Amino acid sequence: MYIDGFAAVENGQRIIGLITFVIRGNECEIISLDSIMENRGVGSTLLHEAETWARQQRCTAVQLITTNDNLHALRFYQKRGYQIVNVFPNAVDKARRIKPSIPKTSPDGIPIRDELLLVKPLV
């Protein structure tokens, strides 16, 4: 297995965004989406490119997992057609056993404990 991705580059020099994903069978899973320029369409463009690539690979859906405290990501993805289809209660506690540096609360005080699976069907 290998990870695919796209980078957004400003003026052919500086990377301003990056999306990584993996395709397994007919599903594409987004691993990461990062943009250093908020509210400028970088993340939306990268997401669109990944979805287009997934369609070309005959994927029927794109999925990703985020945590319950990541309100920014939940808002971003839901506005772009993603739906919460599953909640994994206390999944972050299991992840902390491997990576103890994961904080217990977000900067705005939300306990970080659950993982949420979001899916967007590709039609």
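## Exercises on a predicted model

The sulfur of Cys-59 lies 5.4 Å from the closest cysteine sulfur, that of Cys-28, which is too far for a bond. The structure is a predicted model.

**Exercise 1.** Determine how many disulfides the structure holds.

*Solution.* 
1. A disulfide requires two cysteine sulfur atoms within 2.5 Å.
2. For Cys-28, the closest cysteine sulfur is in Cys-59, at 5.4 Å, and this is too far for a bond.
3. The structure accordingly holds 0 disulfides.

**Exercise 2.** Identify the buried residues of helix 2 (residues 71-79) and state how they are arranged about its axis.

*Solution.* 
1. The buried residues of helix 2 are Ala-73, Leu-74, Phe-76 and Tyr-77.
2. Viewed down the helix axis, these residues fall within an arc of 165 degrees, so they line one face of helix 2.
3. In general, an α-helix has 3.6 residues a turn, so residues three or four places apart point the same way.
4. The elements covering the buried residues of helix 2 include strand 3 (27-35), helix 1 (42-56), strand 4 (61-67), strand 5 (83-88) and strand 6 (115-121).

**Exercise 3.** Describe the largest pocket and its lining.

*Solution.* 
1. The largest pocket contains about 640 Å³ of space.
2. It is lined by 25 residues, of which Leu-33, His-72, Ala-73, Phe-76 and Tyr-77 are the closest to its centre.
3. At least two lining residues come from each of strand 3, helix 1, strand 4 and helix 2.
4. Sorted by class, the lining comprises 10 nonpolar, 9 polar and 6 charged residues.

Terms used: Residues are numbered from 1 along each chain as its sequence is written. This is a predicted model: local features need pLDDT of at least 70, side-chain atom pairs count only at pLDDT 80 or more; totals for chains, interfaces and linings use all residues. Side-chain values use heavy atoms; hydrogens and water are left out. Buried means under 20% relative accessible area, exposed over 50%, partly exposed in between (1.4 Å probe, protein chains only). Helices (H or I, at least four residues) and strands (E, at least two) are DSSP runs, numbered from the N terminus. The arc is that of the directions from the helix axis to the C-beta atoms. Contact means heavy atoms within 4.5 Å. On a 1 Å grid over the protein atoms alone, a cavity is a set of points where a 1.4 Å probe fits but cannot get out, and a pocket is an open set with protein on both sides within 12 Å along at least five of seven lines; lining residues have an atom within 4 Å of a point. Grid points are joined across faces, edges and corners, and a volume is the space filled by probe spheres set on the points. Ala, Val, Leu, Ile, Met, Phe, Trp, Tyr, Cys and Pro count as nonpolar, Asp, Glu, Lys and Arg as charged, and the others, Gly among them, as polar.
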